[in-house]
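Good morning, everyone. Please have the sequence and the model in view. I'll walk you through a few spots.

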Amino acid sequence: EDEARLGELLEQAKRWRERIPAGLKGILPQYFELTVIVPDQPGVIAELAGVLKEQGINISDLEIRPVRDENGGTIRLAFSNKEARERAIQVLAAAGYPARRAD
């Protein structure tokens with residue numbers, strides 16, 4: 001019943017949408033993901049992060065997935081670009097952690 005207020009809300013929403021950077025799929029940035037199956041043991045996450053840190057590879061996002069059995073679990077790592085993901089796959093494999101693209 002308040003047309004003026006509705007118009008204000010719609011205009012506010014329009015301004016907010018216009019601030020979303022072009023080229024993104026929605027508001028969240030695109031990530032390039034990989035998955036690593038790791039043993040269920042203390043320090044494995046720190047070791048993965050350390051191996052990547054030594055090579056200057058930044059992890060943009062990380063998800064620890066539930067342990068599937070006594071042998072280990074799955075960790076999903078995300079990177080801001082495809083090149084970082086590809087380098088991470090190589091670096092992790094060399095350190096004994098085979099990784100695969102999540103896409």
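What covers the buried residues of H2? The cover includes strand E1 (32-38), E3 and helix H3 (82-94). Keep in mind that this is a predicted model.

Let's stay with H2. The helix runs over residues 44-54, and Val44, Leu48, Val51 and Leu52 are buried in it. They span an arc of only 95 degrees around the axis, so they sit on the same side of H2. Here is the background. An α-helix has 3.6 residues a turn, so residues three or four places apart point the same way. Now turn to the face away from the buried side. That face of H2 carries Ala46, Lys53 and Glu54, which are exposed. After H2 comes Gly56, with a positive phi near 70 degrees.

Next, another glycine. Gly72 is in the loop between E2 and strand E3 (73-79). Is Gly72 buried or exposed? Its relative accessibility is 7%, so Gly72 counts as buried. Gly72 and Gln41 are 31 residues apart in sequence, yet their C-alpha atoms are 7.9 Å apart in space.

Now the surface. Ile45, Leu62 and Ile64 make a nonpolar patch of about 250 Å². Leu62 belongs to strand E2, residues 61-64. With a relative accessible area of 37%, Leu62 is partly exposed.

On to charges. How many salt bridges are there? The count comes to 7.

Start with Glu8 and Arg5. Their side chains form a salt bridge, 3.3 Å from N to O. Both are in helix H1 (residues 3-18), and because they are 3 residues apart, about one helical turn separates them. Glu8 is partly exposed at 46%. Arg5 is partly exposed too, at 41%.

Then find Glu86. Which residues does this side chain meet? One is Arg85, in a salt bridge of 3.2 Å, N to O. Arg85 is buried, with a relative accessible area of 3%. Glu86 itself is partly exposed at 23%. Another partner of Glu86 is Arg101, at 2.6 Å, N to O. Glu86 lies in helix H3 and Arg101 in strand E4 (residues 99-101), so this pair ties together parts 15 residues apart in sequence. Arg101 is partly exposed, at 41%.

Last stop. Which residues are linked in a network of salt bridges? They are Glu33, Asp61, Glu63, Arg65 and Arg76.

Notes. Residues are numbered from 1 along each chain as its sequence is written. This is a predicted model: local features need pLDDT of at least 70, side-chain atom pairs count only at pLDDT 80 or more; totals for chains, interfaces and linings use all residues. Side-chain values use heavy atoms; hydrogens and water are left out. Patches are made of residues with over 30% relative accessible area and no salt bridge: like charges are joined within 9 Å, nonpolar side chains (Val, Leu, Ile, Met, Phe, Trp, Tyr) within 5 Å. Accessible areas come from the Shrake-Rupley method with a 1.4 Å probe; for residues, only the protein chains shown count as cover. A salt bridge is a side-chain nitrogen of Lys or Arg within 4 Å of a carboxyl oxygen of Asp or Glu. Helices (H or I, at least four residues) and strands (E, at least two) are DSSP runs, numbered from the N terminus. Buried means under 20% relative accessible area, exposed over 50%, partly exposed in between (1.4 Å probe, protein chains only). The arc is that of the directions from the helix axis to the C-beta atoms. Contact means heavy atoms within 4.5 Å.
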